[in-house]
Amino acid sequence: MKILKKIGFLVATGAMAVGVGVSFLAHGEIQTSAASTLYSTCDFTTKATAHTGYSDSWAYATDWNVFGGQNNNGGWAYIRLGGKSATLATANPVYVNNVAAMGEAINKVSVSLMVGTLSAGTMSVTNYGVKVYSDAALTTQIDDSSLTNLVKPTVAVTYDFAPSTAYQTANSTTVWPSGSYFKVYFTCTNTSTTNGIVYLDKISFYKDAPLVAVTSVTVEDPESTEMTVGTTLTLTTTVLPADATDKTVTWSSSNEVVAAIDSAGKIMPLANGTVRMTATSVADNTKSDYIDLTVSGQDVSTTAKTITTTSLGLVTSYTNGYYGTGTVYSLRGVMAKAVGGELQFGNNATAGQGLFYNVSEY
C-alpha cells in the first residue's frame, strides 16, 4: 500500500497561508487511468437529518445511511462516528453507506475528516477505508480499499481511496462499476467510558473525466524556412482544442541525411537539400502537420582524403572518431573491413542508412 501525502497552501491577495489542508491517497500500485471529475458528494454540513444515538442505524437525507454515529440532534455540521467502549462492543465498525446505487463508474472516493478526530477518550482506529458492494443489501463485496492506524489529525484531512491493486488486476479496470454501493467505515477500539470520535465532514465520489479528442495539429511557421548547416531551429505546434486530454506530438524528418529532429522539435541541419518535418499527434495519428525546409551551407568541394581504420563492427548510432590524418568523422550504419580498413556502408533496421561525414575542419 502506498500513501501519498499532499500539503497545500491557500494564498489570498496580500496574504499567505490563510488555509492549510492535508490529503492522503490510498490505493495499490496501479494508478487511476484518467483525470477525475466530481460526480456526487454527501456533505454533512447541510444538517439534512437530526440524530442523537451512537449505537443504531439511521437515514441521513434520503440517500445515505449512518451506523454508529450522530450529529447532536442536528446541532453539529458533521457526523460523529464512534462512541464509548460499551457502544463499540455492539456497533463496530461504524460506517456511512449510500442507499441509492451510484449512477456512474467511480475511480476515487474522498473522505474528509475534521480537527477533533480522536481527541477524546482512548479510542483508536485500527482500520478504515471504503468497501464496495454490488447490491443494496451490502452482502456481495467486490473490493476493499483501506488503510490502517488512523493518526490523530492536527488539520483538516482528506483520504482518497481508489480501487485496490487486487481489484484492478483481477478486473482489468481502474474504476468501480456503475451501480455500486459504497460503505465508508472505521474499525474502532475504545477502553474508556468517554466517547471517542471520528469527525466525518463529507464524502465525495469522483468519476473519470471525459477524454477530449485532438481535432487538429498545426506546425507554427518559423521566421524562415531556410537553414544553414551548423545552426539549429526549434519548431513549435498548436494542438486543438486547448483542453485536449493529450496534446503531445512526435516529430519525424523525411530525410535525416539533410536534417534530423529530436523529440522537442529541435532541428539539426546536416547537409544541403530539402527536408519535411512532420508533427503527429500521439493521441490520434491521423492528426498531423508539416513544414518544408531548405538546408544550405555545406561545403561540397571535393578534397581527396585517405581514410584508414582497423576492423570496426557495425556502428548503429552516431559515433565520432579519428580516421585518416587527424580529422574527426562521424559514423552511423558503417562497418570497416579487417583487411585494408575499407569502410562498408549499408542500410538496415537497426542502424538506418549508412552515414559518414567530418565533424572537424580539414
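Is phenylalanine 44 buried or exposed, and why does it count that way?

Analyst: Phenylalanine 44 counts as buried because its relative accessibility is 1%. Buried means under 20% relative accessible area, exposed means over 50%, and partly exposed lies in between, with a 1.4 Å probe and protein chains only.

First, the ground rules. This is a predicted model, where local features need pLDDT of at least 70, side-chain atom pairs count only at pLDDT 80 or more, and totals for chains, interfaces and linings use all residues. Residues are numbered from 1 along each chain as its sequence is written, and side-chain values use heavy atoms, with hydrogens and water left out.

Now the rings. A pair of aromatic rings is described by the distance of the centres and the angle of the planes. Rings of Phe, Tyr and Trp (its six-membered ring) pair if their centres lie within 6.5 Å; planes under 30 degrees apart count as stacked, over 60 as edge-to-face, and the rest as tilted. The structure holds 11 aromatic pairs. One of them joins phenylalanine 44 and tyrosine 60. That pair is edge-to-face, with 4.9 Å centre to centre and 65 degrees between the planes. It links distant parts of the chain, 16 residues apart. Phenylalanine 44 sits in the loop between strand S3 (36-43) and strand S4 (57-60), while tyrosine 60 is in strand S4. Strands (E, at least two residues) and helices (H or I, at least four) are DSSP runs, numbered from the N terminus. Tyrosine 60 is buried too, with a relative accessible area of 2%.

Tryptophan 176 and phenylalanine 182 form an edge-to-face pair as well, at 5.5 Å centre to centre and 75 degrees between the planes. Both residues are buried. Ring pairs also join Trp176 and Phe182 with Trp64 and Phe205 in a cluster.

Two strands pair if DSSP finds at least two bridges between them. Asparagine 127 has threonine 187 in S13 as its bridge partner. S10 also pairs with strand S11 (residues 141-148), again antiparallel, over 7 bridges. There, tyrosine 128 has leucine 147 as its bridge partner.

Some rings carry a charge over the face. The test is NZ of Lys or CZ of Arg within 6 Å of the ring centre and within 35 degrees of the ring normal. Lysine 183 lies over tyrosine 95, at 4.3 Å from the ring centre. Lysine 108 lies over tyrosine 206, at 4.4 Å from the ring centre.
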